[in-house]
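Here's a quick briefing on one model, grouped by topic. Have a look at the fold first, then read on.

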Amino acid sequence: MSAAPSSAKPTALVTGANKGIGHEIARQLARRGWRVFLGARDPQRGREAAAKLAQEAADGGSVEFLAIDVSEPASIARAAEDLQTRTDGGALDVLVNNAAILEDADQKQSILEIAPALLQKTLETNLFGALRLTQALAPALAKSGRGGRVINLSSGLGQLSEMDSAYPAYSISKTALNALTRQFAGALKSQKISVNTMCPGWVRTDMGGANATRTVEQGADTAVWLATEAPAELTGEFLRDRKQIPW
Ligand SMILES: NC(=O)c1ccc[n+]([C@@H]2O[C@H](COP(=O)([O-])OP(=O)(O)OC[C@H]3O[C@@H](n4cnc5c(N)ncnc54)[C@H](OP(=O)(O)O)[C@@H]3O)[C@@H](O)[C@H]2O)c1
């Protein structure tokens, strides 16, 4: 087990971190000695994932489960309160808005036939979740002595320059998440909080499927870099493989 959390350690919250890319981001930050809050909507899955990753944490690092369903405003409010009581003075260094759903694949995919309810449900998680959580945690990020950082997990499917007709609900949600990134980047600049959005590439997870070309380590790389080594002035950008890509 890792040592008790220390307020001197950088602190991060990663949403949807019980599996997939979010889980790998949490693992890598803990291995660097960070205090990581592993956000998950299912308490059992979240506790199990946090306990497992805590064993891999570097000295002084830790991984703690934080209950959060990003599609539920009340759950976001509770998680923000919980985080405040569990952090020293309520400071947070990094927020990774990772949790997302892709449900187009199970239903009619065409924009000509898509049920508005599917788009609403997708936006509730992939867009409004990030909106509400970033709003709720902006005060905690502003207290970061290192300069707060927000990292949004977007997708190449959200790139307007590339967009055609695939996965309409998911794609639209990620384009909107990119716009949200620009808005928050502008609004939070004066508080020295950077806000960036990134595509992890096509990654072998439950969402990406077995044929995807990248490992979770590769998928997590840019997010971990943005959390740790990227210049603090880098904000309002859309990245893949640590480089800016077209919107
Ligand atoms: N995999 C890819 O190829 C790929 C490509 C481009 C972008 N991305 C993006 O990368 C991020 C991570 O994707 P992934 O491949 O790791 O997906 P994943 O394996 O399906 O994991 C998604 C995570 O989000 C959680 N989640 C979903 N809805 C939630 C909610 N309402 N509240 C809290 N947690 C919720 C899931 O929790 P449960 O276990 O409870 O369902 C799970 O932990 C997503 O933003 C995705 O859009 C992935």
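Which helix gives the most to the shell around the ligand? Helix H1 (residues 20-31) does, with three residues. Bear in mind that this is a predicted model: local features need pLDDT of at least 70, side-chain atom pairs count only at pLDDT 80 or more, and totals for chains, interfaces and linings use all residues. Numbering starts from 1 along each chain as its sequence is written.

**Ligand shell**
- The ligand is surrounded by 30 residues (C-beta, placed from the backbone, within 6 Å), and the closest are Gly 16, Gly 20, Ala 100, Thr 205 and Gly 208.
- By class, that shell has 13 nonpolar, eleven polar and six charged residues (nonpolar is Ala, Val, Leu, Ile, Met, Phe, Trp, Tyr, Cys and Pro; charged is Asp, Glu, Lys and Arg; the others, Gly among them, are polar).

- S1 (residues 11-14) and S4 (residues 94-97) run parallel, joined by three bridges, and Val 14 stands opposite Val 96 in S4.

**Helix pair**
- The axes (lines fitted to C-alpha atoms over the stretch in contact, with angles from 0 to 180 degrees between N-to-C directions) of H4 (residues 116-142) and H5 (residues 168-188) come within 9 Å and cross at roughly 15°.
- H4 and H5 are therefore roughly parallel to each other (under 35 degrees).

Conventions
Helices (H or I, at least four residues) and strands (E, at least two) are DSSP runs, numbered from the N terminus. Angles under 35 degrees count as roughly parallel, over 145 as roughly antiparallel, 65 to 115 as roughly perpendicular and the rest as oblique. Two strands pair if DSSP finds at least two bridges between them.
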